[in-house]
Structure formats: structure tokens, C-alpha cells
Amino acid sequence: MKKHKLQIAASLLLLVITLLCGAASQGADTIKTVGSSDKPLLGKIKLLPAFELPMPQGKSDKSYMGLSGTGDFKLGQIKARVLIIEVFSFYCPHCQRSAAQVNELYEKIEGRPDIKEKIKLIGIGAGNSLYEVNSFKERYHVPFPLIPDQGMEITEILGVRGTPTFIAAKADGKGLLEQFYFGEGGFPDAGQFLAQIIKLSGLEGEVKK
Amino acid sequence: MRVKKTKLMFLLLFLGVSAVMAGFTGAYGQSGGFSDFKDYIYPVGKLKPTDSVPILKVGDPAPDFALPAVEGGKITLSQFRGKKNVAISFVPAAWTPVCSDQWPGYNIVKDLFDKNDAILLGITVDNIPTLYAWTKQMVNQNENLWFPVLSDFYPHGAVALKYGVLRSEGVTERAIFVINKLGVIKYIDIHDINQRPPLEDLVKALEAANKQ
């Protein structure tokens with residue numbers, strides 16, 4: 001009799017645990033979907049859509065990207081093997097807080113002769129006017145080009161829903177860019193993030209460890 | 001036999017609890033990586049661009065008011081008379097899209113206001129505790145917004161009503177008023193509630209008000 005009761009209790013417990021585990025893993029899955037949506041995840045390749053961006057006015061910005069002239073340009077024209085894009089906003093507190101960290105990422109790239117010509121970093125200001133993007137640049141001494149996307153068209157094409165979002169893509173050599181990284185939110189450590197980008201981009205074999 | 005079953009039960013219980021904990025940790029890990037307080041923003045969808053009848057125009061004297069500030073005490077408009085130009089930024093409500101980003105932008109350009117001898121007053125119809133929690137999320141720990149945030153909560157929206165920017169559902173328009181040192185309204189932008197007014201428009205208005 002006692003044994004029977006114990007069996008029932010054990011079966012009930014098992015059932016509860018199974019349900020709980022199911023709920024927990026389902027919860028985790030849901031969060032995962034929210035965090036990365038149906039957009040390409042780490043390591044998955046997709047071609048970045050071709051769109052035009054207004055050319056920054058600053059000479060140093062243009063020479064950093066290996067561009068000249070005025071008017072519009074395409075991301076594929078930037079002289080780089082790997083392009084890191086930060087979609088940010090002048091108005092976003094998280095972007096404001098992490099501005100110094102993103103500057104650090106730039107300095108880390110520029111400080112390494114083996115990668116500085118290969119990896120370039122730009123910012124796209126989601127919903128920001130040129131004035132707002134420039135105010136952000138001035139306030140945080142941002143050393144890399146910041147390009148306004150006042151109408152949010154580019155932000156939408158890129159599939160970005162929140163700022164900051166980091167996208168990385170590599171040049172296929174024919175003017176097209178293959179996206180291999182899409183991450184919402186910031187990164188905890190600039191050095192680790194750079195190492196991750198180098199690894200995922202396939203540049204690892206060509207650069208110093 | 002019974003001892004074994006008990007052991008088995010404990011093992012299962014342990015495994016179950018571990019799985020649940022792992023699930024939670026995973027969930028936290030994911031959301032922690034996202035842009036912190038955006039997760040708390042209530043999605044309002046697209047709203048009627050404006051929903052009030054303007055009653056003030058440029059050149060009118062700005063109606064005076066006294067409202068409680070998040071930092072404590074009351075702020076009156078007339079206390080700045082003869083001293084500062086005043087920009088008033090009405091935003092519809094705490095924890096809503098667009099608004100939640102607007103003031104953090106103003107917070108990093110205090111110099112633009114200083115340059116034009118201006119103060120900024122942020123006003124919503126929310127109560128003080130809500131405004132406290134909401135504005136705390138905009139800045140780093142132990143920091144505050146540099147400008148006063150005022151609560152037009154009770155009587156509900158009384159100041160917004162005087163300025164003709166109270167919407168039918170009880171929140172305010174997304175509106176900016178610039179008032180010069182003489183207390184005269186020099187600029188009014190009752191903006192599409194769904195969009196953020198560009199910073200340069202406000203800065204131009206401050207410059208113009210400061211020249212006169």
C-alpha cells in the first residue's frame with residue numbers, strides 16, 4: 001500500500017518536473033527569439049542589401065573609409081575587408097553610456113597595424129538628423145564616421161529594432177557585403193568583441209593572434 | 001527498495017530544479033544584453049498626430065504656473081523672468097516610445113542651452129514617483145538629468161490645458177514652447193506625437209529668442 005502511494009507520488013513529481021522543464025526551455029527559446037528575431041544570427045551569412053548613404057563632410061571620415069567626392073555612397077565602396085556598423089541614436093541612453101566603449105573598439109583596431117586597413121567601423125544614427133549625429137560625435141569625441149538616417153529607412157532595411165545594434169559584414173571582393181554578425185545591445189568588452197569579429201570574419205588566419 | 005525510490009525522487013527533483021534555474025539564467029543572460037530600459041517601454045502604436053486645439057500663439061505672454069519637481073519643491077515659470085530664456089518640453093507620458101528617448105538627448109547637450117542663456121523644463125502629466133523611476137533610467141547611477149522635470153498630475157493636466165496641449169485621452173501633445181526673458185512666447189512646436197522634433201529646430205528657436 002505504502003509502496004503504491006510512493007509510486008504515485010514519484011509519477012506526479014516526474015510529471016511536474018517534466019512540465020517545469022518544458023516551460024523553462026520554452027521560456028528560454030522565446031527570449032532567444034526576442035533577442036535575435038528572425039534576423040541572421042551569429043555566423044549565418046546573408047548579403048547586405050545595397051543602399052545609399054549620404055557622404056560625410058569631414059575629410060578625415062572620408063579618408064578613413066577610402067572615399068572621396070560628395071553625394072551618396074554605398075557601404076560596399078568603403079575600403080575594408082570587414083565593416084562593423086553600429087546602429088545608434090543620439091537620443092538613446094544605452095548608446096550614450098557605451099560611447100566610450102565603442103571608441104575603445106575603434107582605438108583597438110587602429111592600434112593594430114595588421115588589421116587597421118582591413119577592419120573599419122562606422123555608425124548609423126537611427127532617426128537622427130545630421131545635426132544630432134554631429135552633436136553626438138562632438139559630445140563623445142567619436143573618432144569614426146557617423147552617418148544620419150533621419151527617416152529610419154536604412155535602419156529598417158538592416159532589420160534593426162533597437163539601439164545600439166552591431167552588424168558586421170565582410171567584403172566579397174565584388175563590392176558586395178556578406179553579413180556575418182548581428183547583435184542587439186552592446187558588448188561587455190571591446191577586446192573580446194574585436195576578437196570575436198576577427199574569428200567570425202575568417203580574417204583570423206591572416207592576422208596576428 | 002523504498003530508499004532507492006526516495007533517492008531517485010531527490011535526484012529527479014534536483015535535476016528539475018537545475019533545469020528551471022538554467023532556463024532562468026539563460027533568459028536573464030539574453031535580456032541583460034539588450035538595451036536595458038527599452039524593455040519596459042509600453043508600445044502605444046501609431047497615434048493621431050495632434051489631438052487638441054491650440055490656444056496660444058507666438059507673441060502671447062506665457063501663462064504662469066507652479067508645478068512640483070521630481071527633485072523636490074515647486075518650480076514656477078515666473079522665477080526665470082528677466083533671468084533665463086525657458087524651453088518647455090511637454091512629452092505625452094512616461095514609459096512610452098519616442099518620449100523615452102527625447103529627454104536623454106537633451107541631457108547631453110546642456111551646453112547648447114547654456115550658450116543661449118536658457119533653461120529647459122520637462123513636463124508630463126505623470127505623478128512624481130513615476131517620473132522619478134522613469135528619469136532615473138535615463139542616466140547613470142548617482143546622476144540626474146541637468147534640467148527640472150515637473151509633474152502636471154494634479155489637478156490633472158491643468159498646465160497642459162492652459163497651454164492648449166492636453167489631448168482628449170488625458171496625455172499631452174509632444175510640444176515645445178520657447179519663452180524669452182520677458183515671459184513672451186517666441187516659438188511653438190506642437191509636434192506630431194509619433195515623431196521626435198529635430199534638435200536643430202529647438203536650438204534655432206533658442207538662438208532667436210536669445211537675440212531679442
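Strands β7 (residues 165–171) and β8 of chain A run antiparallel and are joined by 7 bridges; two strands count as paired if DSSP finds at least two bridges between them. This is a predicted model, in which local features need pLDDT of at least 70 and side-chain atom pairs count only at pLDDT 80 or more, while totals for chains, interfaces and linings use all residues. Residues are numbered from 1 along each chain as its sequence is written, with chains lettered from A and ligands numbered from 1 in the order in which they are written.

Helices (H or I, at least four residues) and strands (E, at least two) are DSSP runs, numbered from the N terminus.

| Residue | Partner in β8(A) |
|---|---|
| A:Ala168 | A:Tyr181 |

Strand β1 (residues 46–47) of chain A is antiparallel to β8(A), with 2 bridges between them. In the β7(A)–β8(A) hairpin, 5 residues lie between the strands, and A:Gly173 has a positive phi near 90 degrees. Strand β8 (residues 177–184) of chain A is largely enclosed by the rest of the structure, because 6 of its 8 residues are buried (20 or more other C-beta atoms within 10 Å of a residue's own, with C-beta atoms placed from the backbone).

Now for helix α4(A). Its buried residues are A:Ala99, A:Val102, A:Leu105, A:Tyr106 and A:Ile109. These lie on the same side of α4(A), because they cover an arc of only 115 degrees around the axis, taken from the directions from the helix axis to the C-beta atoms.

Terms used: A residue is buried if 20 or more other C-beta atoms lie within 10 Å of its own, exposed if 12 or fewer, and partly exposed in between; C-beta atoms are placed from the backbone.
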